[in-house]
Amino acid sequence: MNGHMFTLAGAELIAMGTGALWWPERSLLCVSDLHLGKSERVARRQGTILPPYDTRDTMTRLAADVARSQARVVVCLGDSFDDLGAAGSLPEEERLWIARLQAGRRWVWIEGNHDPGPVDLGGTHLAELPLAPLTFRHVARAGASGEISGHYHPKADILTRARLISRPAFLADSDRVILPAYGSYTGGLRSTAPELSRLMRSEAIAILTGPQPHAVPMPRGAI
Amino acid sequence: MQLPQTISDWFTAKGWQVHPHQVQMLDRADAPCTLLIAPTGGGKTLAGFLPTLADLADHPRDGLHTLYISPLKALAADIKRNLTTPVTEMGLPIRIEDRTGDTPASRKRRQRADPPHILLTTPESLALLVSYEDAPRMFAGLRRVIVDEIHALAESKRGDQLFLALSRLQGICPDLRRVGLSATVEDPPAIARLLARHPDPCEILLADPGPAPDIAMLTTDQAPPWAGGGAAYAIPAVLEQVKAHRTTLIFHNTRAQAELFFHNLWLANEDSLPIAIHHGSLDRQQRERVEAAMVRGDLRAIVCTGSLDLGIDWGDVDLVIQIGAPKNVKRLVQRIGRANHRYNAPSKALLVPANRFEVVECVAALDAVRAGALDGDPRGPGPRDVLCQHILIAAAAGPFDADDLYAEVTGIGAYAALTRDAFDACLDFCATGGYALRAYDRWQRLQKRADGRWQLRDPRAAQRIRMNIGTIQDTDTLKVRLKASRGGKPLGEIEEGFAASLSPGDTFLIGGEIVRYEGLREMVVEVTRRADRKPKIATFMGTKFATSTQLSARILHMFAEDDWPDLPAHTRDWLHLQRKVSRLPQAGRLLIESFPHDGRENMVVYGFAGRNAQQTLGLLLTKRLEEMGLNPLGFVATDYATLIWGLDRLTDPAPLFDIAALRAGVDTWLAGNAVMKRTFRASATIAGLIERNTPSARKSGRQATFSSDILHDTLVKYDPTHLMLQITRDEAMRGLVDFGRIEEMAARVGTRIDHVTPGRITPLAAPLFLEPGRVPIKGLAEERLLAEEADRLLASAGLDPAPPRRPGWRVPY
């Protein structure tokens, strides 16, 4: 597994091909928008019965990243659950799995718009986490700096000489990083969307996830 | 049944005689099922309706008497016109109405409360009617069902859906009589089996097929190009033909080609002949204007696609021109049936090949038509995704008994062999999702009640089920309007993917006009009119053709000749050139060409094995190329050849056909392939696992929705025997062949492989580069492409072209 290293507010960070962010100095692994329990929520609210394996798949990938990194701190950057009901109805097996992952390390749930309250799953619940020189929160704030956020599920389209390739991507500039969504049942928002083009500085880069992360100037759209 | 006096008087007053097959239909008015095969213009539709008119003339009554189903909205509207005239002239008290997606909601409501005597509709609208709780009341007195153009419906899932809906109607009205109307088909008993309630008999009536068509290839002084589908070279010759005839229909294989041809035709139309364009992506009002002008006889020519393919009675058409090779001989013959609706005169048609390979194809097709060889297209058992949708439709209509529904379904020809286990698996899928992991006890979609019947857990779900009725896989399209302060004139629709490729200022063709893209507002593409001469061409849906393997054998036979004195000189020279720079494919050997073109390495495998086999070959060979590290990027298959492109050149074809290697891991490769994912998306949408994209959902942005590929990959990983994957495989195999057949082909060819490296594109390969239906391969080539492009982009942005991918990632561990 490879990563792309860059710095934010003096902190050396590594964007991993899996969509997780690694901060070696603090042994901190950060993931965003897990949307655990999404299939349950869709069945409950909409009646469509999606394959109920999304939580298992997301957790499998997260467990692998945690095991590889041996992180001392894990930060889930909000929208960790598709809603509070989905958090409440996670099967026992998956609750135990989360508990096993939490053992022996600090675990922080940042609140997101999908999961705005505390959940009964161990770890610390915070609206945001300041960890100098960085701040972890769910939705980026204009004017902030040293900020790590998620929420938008960014993806980037790259036109290669043979075809257009579209992948979930980190967006990074000198003020902030926006993480791609880590959950299995998540879609993406193109980096050319006005809200992302407005947020990110003109010299921002997009780091495409995949077997090998690739950094490119962030594709921008009209604001 | 006797013809009532009022009706026979009407025939006499018109000076017409009742056709023999019309009398036969009357005689069989009480038969449970009758299939009439008659040429267009033979009074086929009236033959179908005559028993209804006679019954209602003798026994006037209220309520729905006859249901007529056609594959096209336009056809329902056309029949309404053509039937209302004689009914009015006969003075019969019969109300005739149509009901399609275009019918206003107020009229639709009224039709359910107070149905007409004769209702003309489409399979989708019928399925919707059947999903309402009041269906038993609306259909209570129904006596007859007429399925028009049944040969067209029989080829697709729309037909399966229709017959499933009919099985419900038959449950409501056990004495329902079924009539099918069909153009000439290869295997009438196969159609009859679909139509009849199993195991009812179905009598087949064959009307006089009329004189053989007069069909030829248009020869021009100008040589057609090597590749391309526009046939622009033939414009002057086509215009001459239009001038020499009263009304000409000019058929194209794709909408994009029709647009381009129409545009060029207008530029050359110095006499300003009235010529119009008609295809399915145009706005409804515009289509209706063209249809009305056609009925009035105002038009000299219509440039069109399959939207005019079926039996619409346009009156005075005396010439049909087919641009591009007819990909299917049956369709060609049916299209020719469009010309000259007078029963006793031969239909006249001209084929216009768009490139030189199509000259060869046209010659072979003409041979096949003369030999009376239609392409057979056996359909296999009824698809289970449509059955799943039908179960949901039944649930939307009210609680149902599983035994009764199973009995109804197995009364359909295509589902007669469906086992109870297979049915129960579909029911379980609809109720619980059918997953190995039982996760939805609380949120089941269907629940079994205390009385043993099944019902929707949440009655509000009925609305969502109705919104997703249908089996046509529509690509996402966007409406196109002229820009104006309060929403300008609608022009039609374009594919979302094409719209995404447009930048303000780009021009494209729609409805024969060049328009300029101004922007996107509320998911509507806003354009202004432009008078440019060179548009960027709209790409409409990549049409997938049903194709014919029979032409393959005929063409190989032609290639075996030393010379081709009967072909036009330009095509003869072109074949000689192919023989000089490469070879011509031969039976019993396998020709493979490798050459660079357009910045990529290409290989063409001329198997002449039919599209399904060539498609399968494409899947298997790209697997081997990926394993051999040659970085394939995609392939496309025709009846004759498979073109594969990638980053690296093939030097030795022998390892490609290593049978053990072909077989190893083929299931994994197949499961991950774009063909499977595309099929999964279509089947999962039909079966109700994923919902169609509603305009409102798309407006709210893509972020909330995620690709169906993710669901597919999740199932493959965690529930590989799930019903939806079984269905996907079955459906994909309809467009593929068994791998065993490819293995046999590899074994048969053995070492008789001719690998030619001509250094550049060859005459025979050229047309392949414009084929629709490309299948991307997402292997390691993507990583290399991304790396290349990332380096290039960073360098041009003045950033470090080689970002530090240091082993530093491992440092913290």
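Is Arg420(B) buried, partly exposed or exposed? At 28% relative accessibility, Arg420(B) falls in the partly exposed class. This residue returns in one of the views described below, which are drawn from a predicted model.

**View 1. The contact between chain A and chain B.** In this predicted model, 54 residues of chain A are in contact with 56 residues of chain B. About 4900 Å² is buried between the two chains, and carbon and sulfur atoms give 60% of that area. Between chain A and chain B there are 20 residue pairs in polar contact, both residues at pLDDT 80 or more. On the chain A side, at least two residues each come from several elements, including the strands β1 (3-8), β2 (11-16), β11 (154-159) and β12 (164-172) and the helices α1 (38-46) and α2 (54-69). Helix α1(A) supplies the largest share of the side of chain A that touches chain B, namely 6 residues. By residue class, this side of chain A divides into 26 nonpolar, 18 polar and 10 charged residues.

**View 2. A salt bridge across the interface.** Side chains of opposite charge can pair when their charged atoms come close. Between chain A and chain B the count is 5 salt bridges. One of them joins the side chains of Arg163(A) and Glu782(B), with an N to O distance of 3.3 Å.

**View 3. Strand β13 of chain B and its two parallel partners.** Strand β8(B), residues 214-217, pairs with β13(B) in the parallel sense over 4 bridges. Within this pairing, Ile215(B) has Ala349(B) of β13(B) as its bridge partner. Strand β12(B), residues 319-323, also runs parallel to β13(B) and is joined to it by 4 bridges. Here the bridge partner of Ile321(B) is Leu350(B) in β13(B).

**View 4. Strand β2 of chain B, covered on both faces.** Strand β2(B) comprises residues 66-69. Thr66(B) and Tyr68(B) lie on one side, Leu67(B) and Ile69(B) on the other, and all four names refer to buried residues. Strand β5(B), residues 144-147, pairs with β2(B) in the parallel sense over 4 bridges. Opposite Thr66(B) stands Arg144(B) in β5(B). Strand β4(B), residues 118-121, is likewise parallel to β2(B), again over 4 bridges. Tyr68(B) has Leu120(B) of β4(B) as its bridge partner.

**View 5. Arg420(B) and Asp403(B).** Over all chains the structure holds 56 salt bridges. In the one shown here, the closest N and O atoms of Arg420(B) and Asp403(B) are 2.9 Å apart. Arg420(B) belongs to helix α18(B), residues 420-432, and Asp403(B) to helix α17(B), residues 402-409; the two residues are 17 residues apart. Asp403(B) has a relative accessibility of 46% and therefore counts as partly exposed, and Arg420(B), at 28%, is also partly exposed.

**View 6. Arg449(B) and Asp451(B).** These two residues form a salt bridge whose closest N and O atoms are 2.7 Å apart. Asp451(B) is partly exposed at 45% relative accessibility. Arg449(B), with a relative accessible area of 29%, is partly exposed too.

**View 7. Asp648(B) and Arg784(B).** The side chains of Asp648(B) and Arg784(B) meet in a salt bridge of 3.3 Å, N to O. The pair links distant parts of the chain, 136 residues apart: Asp648(B) sits in the loop between β24 (642-646) and α24 (659-663), and Arg784(B) in helix α31(B), residues 780-796. Asp648(B) is partly exposed at 27% relative accessibility, and Arg784(B) is partly exposed at 35%. In chain A, salt bridges that share partners join Glu40(A), Arg41(A), Arg44(A), Asp82(A) and Asp83(A) into one network.

**View 8. The surroundings of Ile150(B).** Ile150(B) is found in helix α8(B), residues 150-153. Its relative accessible area is 0%, so Ile150(B) counts as buried. Apart from neighbours within four places in sequence, Ile150(B) is in contact with Leu35(B), Phe163(B), Gly180(B), Leu181(B), Ser182(B), Ile191(B) and Leu195(B). Glu626(B) is 476 residues away along the chain from Ile150(B), and the C-alpha atoms of the two are separated by 44 Å.

Conventions: Residues numbered from 1 in each chain as written. Chains lettered and ligands numbered in written order. Predicted model: local features only at pLDDT ≥ 70, side-chain atom pairs only at ≥ 80, totals over all residues. Heavy atoms only, no water. Contact = heavy atoms within 4.5 Å. Buried area = accessible area lost by both parts, 1.4 Å probe. Salt bridge = Lys/Arg side-chain N within 4 Å of Asp/Glu carboxyl O. Polar contact = N/O pair within 3.5 Å; in protein donor to acceptor, adjacent residues only side chain to side chain. Nonpolar A, V, L, I, M, F, W, Y, C, P; charged D, E, K, R; others polar. Pairing = 2+ DSSP bridges. Buried < 20%, exposed > 50% of the residue type's maximum accessible area, 1.4 Å probe, protein only.
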